[in-house]
Amino acid sequence: EKLFVYGSLQSPAVLKVLLGRVPPSSPARLNDYSRFRVPSRSYPGIREDRGSCVDGSLLSDLTVSETVLLDAFEGGEEYVKRKV
């Protein structure tokens with residue numbers, strides 16, 4: 001599986017702790033989205049924003065269980081995962 005990431009999950013050190021390995025990644029850009037500061041939180045979010053873009057990384061070769069683990073790490077009421 002593939003997953004676009006734009007925050008702490010771009011860090012090889014974080015991925016190594018969470019997954020026990022660093023999956024292949026490549027630079028990626030998500031068009032028509034922008035990054036914003038989540039109120040009362042220390043991490044960013046992204047939202048649809050025509051004409052903007054968010055730079056991040058595309059993780060690849062993830063197993064289903066690794067994707068579930070990363071979703072749990074990102075979890076919270078603000079977290080919504082979408083296909084883009």
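This is a predicted model: local features need pLDDT of at least 70, side-chain atom pairs count only at pLDDT 80 or more; totals for chains, interfaces and linings use all residues.
1. A residue counts as buried when its relative accessible area is under 20%.

2. S60 lies in the loop that links β3 (44-59) to α2. Its relative accessibility is 17%, so S60 is classed as buried. Setting aside neighbours within four places in sequence, the contacts of S60 are E1, K2, P23 and P24.

3. Eight residues, L3, V5, L9, L15, L19, L59, L62 and L70, make up the largest nonpolar core, which has 8 residues. At least two residues of this core come from β1 (3-5), and at least two from α1 (12-19). Another core, of 5 residues, lies apart from it; F4, Y6, L30 and V54 are among its members. In soluble globular proteins, nonpolar side chains tend to be buried together.

4. L19 is a member of the largest core. Beyond its neighbours within four places in sequence, L19 touches L62, E66, L69 and L70.

5. How do α1 and α2 pack, and at what angle? The axes of α1 and helix α2 (residues 64-74) are 10 Å apart, at an angle of about 115°. Angles of 65 to 115 degrees count as roughly perpendicular, so α1 is roughly perpendicular to α2. Their crossing is right-handed.

6. On the α1 side of this contact are V14, L15, L18 and L19; on the α2 side are E66, L69, L70 and F73. By class, the contact residues of α1 and α2 comprise 7 nonpolar, no polar and 1 charged.

Conventions
Residues are numbered from 1 along each chain as its sequence is written. Side-chain values use heavy atoms; hydrogens and water are left out. A nonpolar core is a set of buried Ala, Val, Leu, Ile, Met, Phe, Trp, Tyr and Cys residues joined through side-chain atoms within 4.5 Å. Buried means under 20% relative accessible area, exposed over 50%, partly exposed in between (1.4 Å probe, protein chains only). Helices (H or I, at least four residues) and strands (E, at least two) are DSSP runs, numbered from the N terminus. Contact means heavy atoms within 4.5 Å. Axes are lines fitted to C-alpha atoms, for helices over the stretch in contact, and angles run from 0 to 180 degrees between N-to-C directions. Angles under 35 degrees count as roughly parallel, over 145 as roughly antiparallel, 65 to 115 as roughly perpendicular and the rest as oblique. A crossing is left-handed if the near helix is turned anticlockwise from the far one by less than a right angle, and right-handed if clockwise. Ala, Val, Leu, Ile, Met, Phe, Trp, Tyr, Cys and Pro count as nonpolar, Asp, Glu, Lys and Arg as charged, and the others, Gly among them, as polar.
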